[in-house]
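Here is a short briefing to read alongside the model. Have a look at the sequence and structure first, then follow the notes below.

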Amino acid sequence: MSTLIETERLFLRELEFTDEDDLFEMDADPEVHLYLENNPVKTIDEVQKAIKMLKKQYEEYGIARWAVVDKSTNECIGWAGLKFFNGPINNHNKFYELGYRFKKKHWGKGYATESSKAILDYGFNNLNTESVFAMVAPKNLNSKKVLIKLGFTFQETFDYNGDSTDWFELKKINWGNKKANS
Ligand SMILES: CC(C)(COP(=O)(O)OP(=O)(O)OC[C@H]1O[C@@H](n2cnc3c(N)ncnc32)[C@H](O)[C@@H]1OP(=O)(O)O)[C@@H](O)C(=O)NCCC(=O)NCCS
């Protein structure tokens, strides 16, 4: 699969089965899953199933989370991207949600912010959407910092399958302003 987007330090492309070792390294780490469902993977088989599911989303919706690759080493350091939700969540239906996840050794280097900026540009310019949403555990401060840097605003806390979850929104009109000011 060829590169979809290139940023200063990163390539973004669709995930492939050959990314399984990198994703296993990331998703077997309990710290990475602390604010997710707290259920790190234990086998490579679970990673393969996840990649298979993403490939189905690429086919159905033309988009899903993408591999984030360090240009200087060619390592897949994690994923980021827009997931299309085709059913109702928190009174919204058929919407794009921004998500990201990286190997712990690569946190704090600005990769979530850099990849997300390129993804949001792609989303607002190519997907005919007026808003992108994000869902985050209230205690996940690093993730919230990224959302706020990108211009998302907190809307409300809602119950997502029994978990208290913060709901954020970035409107296309504000993305334009944000870029002009940054
Ligand atoms: C949340 C996550 C994606 C952020 O990725 P990242 O590439 O580290 O994010 P960035 O570097 O762009 O920004 C993170 C912010 O937290 C700050 N930070 C401080 N200490 C940090 C640390 N130990 N690790 C990561 N970020 C840290 C960064 O400095 C930055 O803020 P700043 O720009 O004000 O300095 C990453 O921590 C991760 O993969 N977490 C596990 C999965 C997860 O929770 N995903 C989000 C679900 S909603």
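Helix α1 (residues 20-27) packs against helix α2 (residues 44-61) with the axes 9 Å apart and an angle of about 110° between them. This makes α1 roughly perpendicular to α2, a label for angles of 65 to 115 degrees. The model is predicted: local features need pLDDT of at least 70, side-chain atom pairs count only at pLDDT 80 or more, and totals for chains, interfaces and linings use all residues. Residues are numbered from 1 along each chain as its sequence is written.

**The helix pair**
- From α1, the contact (C-beta atoms, placed from the backbone, within 7 Å) uses Glu20, Leu23, Phe24 and Asp27, and from α2 it uses Ile44, Val47, Gln48 and Ile51.
- By class, this contact of α1 with α2 has five nonpolar, two charged and one polar residues.

**The strands**
- Strands β1 (residues 5-6) and β2 (residues 10-14) pair in the antiparallel sense over two bridges; pairing needs at least two DSSP bridges.
- Three residues form the hairpin that joins β1 to β2, and Glu6 has Phe11 in β2 as its bridge partner.
- β2 also runs antiparallel to β3 (residues 65-70), joined by five bridges, with Leu12 opposite Val68 in β3.

**Around the ligand**
- The ligand is surrounded by 19 residues, counted when the C-beta atom, placed from the backbone, lies within 6 Å.
- The closest are Trp107, Gly108, Ala112, Thr113 and Ser143.
- β5 (95-102), α3 (111-126) and α4 (141-150) each supply at least two shell residues, and α4 gives the largest share, five residues.
- By class, the shell has nine nonpolar, six polar and four charged residues.

Terms used:
Helices (H or I, at least four residues) and strands (E, at least two) are DSSP runs, numbered from the N terminus. Ala, Val, Leu, Ile, Met, Phe, Trp, Tyr, Cys and Pro count as nonpolar, Asp, Glu, Lys and Arg as charged, and the others, Gly among them, as polar. Axes are lines fitted to C-alpha atoms, for helices over the stretch in contact, and angles run from 0 to 180 degrees between N-to-C directions. Angles under 35 degrees count as roughly parallel, over 145 as roughly antiparallel, 65 to 115 as roughly perpendicular and the rest as oblique. Two residues are in contact if their C-beta atoms, placed from the backbone, lie within 7 Å.
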